[in-house]
Amino acid sequence: MTDSLLAVRGLSKHFISGNETVPVIEKLSFTLGQGQSLALTGRSGSGKSTLLNLLCGLEWPDAGTIVMQGQVFDAGRARVRGTTEAWSALRRQHIGVVFQEANLMPALSLLDNVRFRARLAGRDPKNSEDWLTRLDISELAGRYPDQVSGGQRQRAALAMVFAMEPALILADEPTGSLDRHTSDEVIRELFSLQVRYGCSLVLATHDAELADSCQHHLDLGHLSGV
Ligand SMILES: Nc1ncnc2c1ncn2[C@@H]1O[C@H](COP(=O)(O)OP(=O)(O)OP(=O)(O)O)[C@@H](O)[C@H]1O
């Protein structure tokens with residue numbers, strides 16, 4: 001892939017379970033180009049969520065290097081002063097996350113959630129209402145997350161992600177909690193906006209059809225690189 005946005009080299013992660021060491025990601029390497037999409041597949045427990053968590057900083061790698069937009073995060077240097085702060089800033093500004101359950105702030109209306117995420121990324125929140133319109137939930141702008149359906153929350157989560165103008169979207173079974181019809185609609189929006197705005201996408205899914213919609217495919221069950 002050319003014009004690499006994301007390059008992962010020799011990434012490894014294990015967990016400790018009782019007295020046992022459980023290797024989950026082992027010496028994984030791949031690159032993802034700007035504006036490209038990558039499907040992560042593999043049996044349950046193969047490490048899809050763990051990889052997404054490593055990429056967005058919710059988990060700490062044991063070894064390896066992640067390079068995003070030219071900024072290097074080296075597991076060996078992770079504790080060096082300034083490294084984690086620089087990575088946190090990069091993620092806040094450039095990585096949008098959509099998980100199975102929309103992670104909205106319960107005390108904020110849908111519109112304020114979108115504005116909040118845009119501001120957090122340092123973007124002007126003036127287009128927040130437009131994003132709700134584009135995702136067909138403008139009439140719900142003033143409602144709180146617990147006053148709307150799961151599909152509407154997931155649309156609001158997408159509006160939040162696009163309002164921050166991300167370079168990279170990480171999506172973990174983003175429609176896993178939705179019925180097929182709503183799921184298809186939300187996924188269509190995700191792909192169409194991702195292509196239109198040229199951001200890259202890493203999507204963990206068990207859905208073979210969805211995986212086929214991505215340009216690249218990484219099967220963690222077989223630990224092969226892209
Ligand atoms: N915090 C943790 N402590 C110990 N083991 C963990 C932890 N998080 C994940 N694991 C283990 O790591 C492995 C990979 O989990 P992960 O959630 O990444 O898999 P997955 O491919 O996303 O699975 P699924 O398709 O079921 O969502 C599993 O064996 C899981 O039990």
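## The parallel sheet

Five strands form an open sheet in the order 6-7-8-3-9, and the pairing within this sheet is parallel; two strands pair if DSSP finds at least two bridges between them, and strands (E, at least two residues) and helices (H or I, at least four) are DSSP runs numbered from the N terminus. Strand 6 (95–98) and strand 9 (216–219) stand at the edges, each with a single partner strand, so one side of each is left without a neighbour in the sheet. Neighbouring strands of this sheet are turned by 15° against each other on average, direction ignored, where axes are lines fitted to C-alpha atoms, for helices over the stretch in contact, and angles run from 0 to 180 degrees between N-to-C directions.

This is a predicted model, in which local features need pLDDT of at least 70 and side-chain atom pairs count only at pLDDT 80 or more, while totals for chains, interfaces and linings use all residues. Residues are numbered from 1 along each chain as its sequence is written.

Strand 3 and strand 9 pair in the parallel sense over 4 bridges, and the bridge partner of Leu38 in strand 9 is His216. Helix 1 lies across strand 3, strand 7 (168–172) and strand 8 (200–204), and runs at about 145° to strand 8.

## The antiparallel strands

Strand 1 (residues 4–17) runs antiparallel to strand 4 (residues 63–68), and 5 bridges join them; here Leu6 stands opposite Met68 in strand 4. Strand 4 also pairs with strand 5 (residues 71–74) in the antiparallel sense, over 4 bridges, with Ile66 opposite Phe73 in strand 5.

Strand 4 and strand 5 form a hairpin with 2 residues between them. Gln69, in the loop between these strands, has a positive phi of about 45° although it is not a glycine. Most residues other than glycine have a negative phi. Gln69 counts as partly exposed because it has 13 C-beta neighbours inside 10 Å; a residue is buried if 20 or more other C-beta atoms, placed from the backbone, lie within 10 Å of its own, exposed if 12 or fewer, and partly exposed in between.

## Helix 5 and helix 6

Helix 5 (residues 150–163) and helix 6 (residues 180–197) pack at an angle of about 10°, with their axes 10 Å apart. The two helices are therefore roughly parallel to each other, a description used for angles under 35 degrees, with over 145 counting as roughly antiparallel, 65 to 115 as roughly perpendicular and the rest as oblique.

In helix 5, Gly151, Gln154, Arg155, Leu158 and Phe162 meet Thr182, Val186, Glu189, Leu190, Leu193 and Tyr197 in helix 6, contact being counted if the C-beta atoms of two residues, placed from the backbone, lie within 7 Å. Glu165, found in the loop between helix 5 and strand 7, has a positive phi of about 50° although it is not a glycine, and with 17 C-beta neighbours inside 10 Å it counts as partly exposed.

## Around the ligand

The residues around the ligand are Phe15, Ser17, Val22, Val24, Gly42, Ser44, Gly45, Ser46, Gly47, Lys48, Ser49 and Thr50, each with its C-beta atom, placed from the backbone, within 6 Å of it. Strand 1, strand 2 (20–33) and helix 1 are the elements that give two or more residues to this shell, and the largest share, 3 residues, comes from helix 1.

Ser44, one of these residues, is found in the loop between strand 3 (37–41) and helix 1 (48–55). Ser44 is exposed, with 7 other C-beta atoms within 10 Å. Ser44 and His206 are 162 residues apart in sequence and 8.5 Å apart in space, C-alpha to C-alpha.
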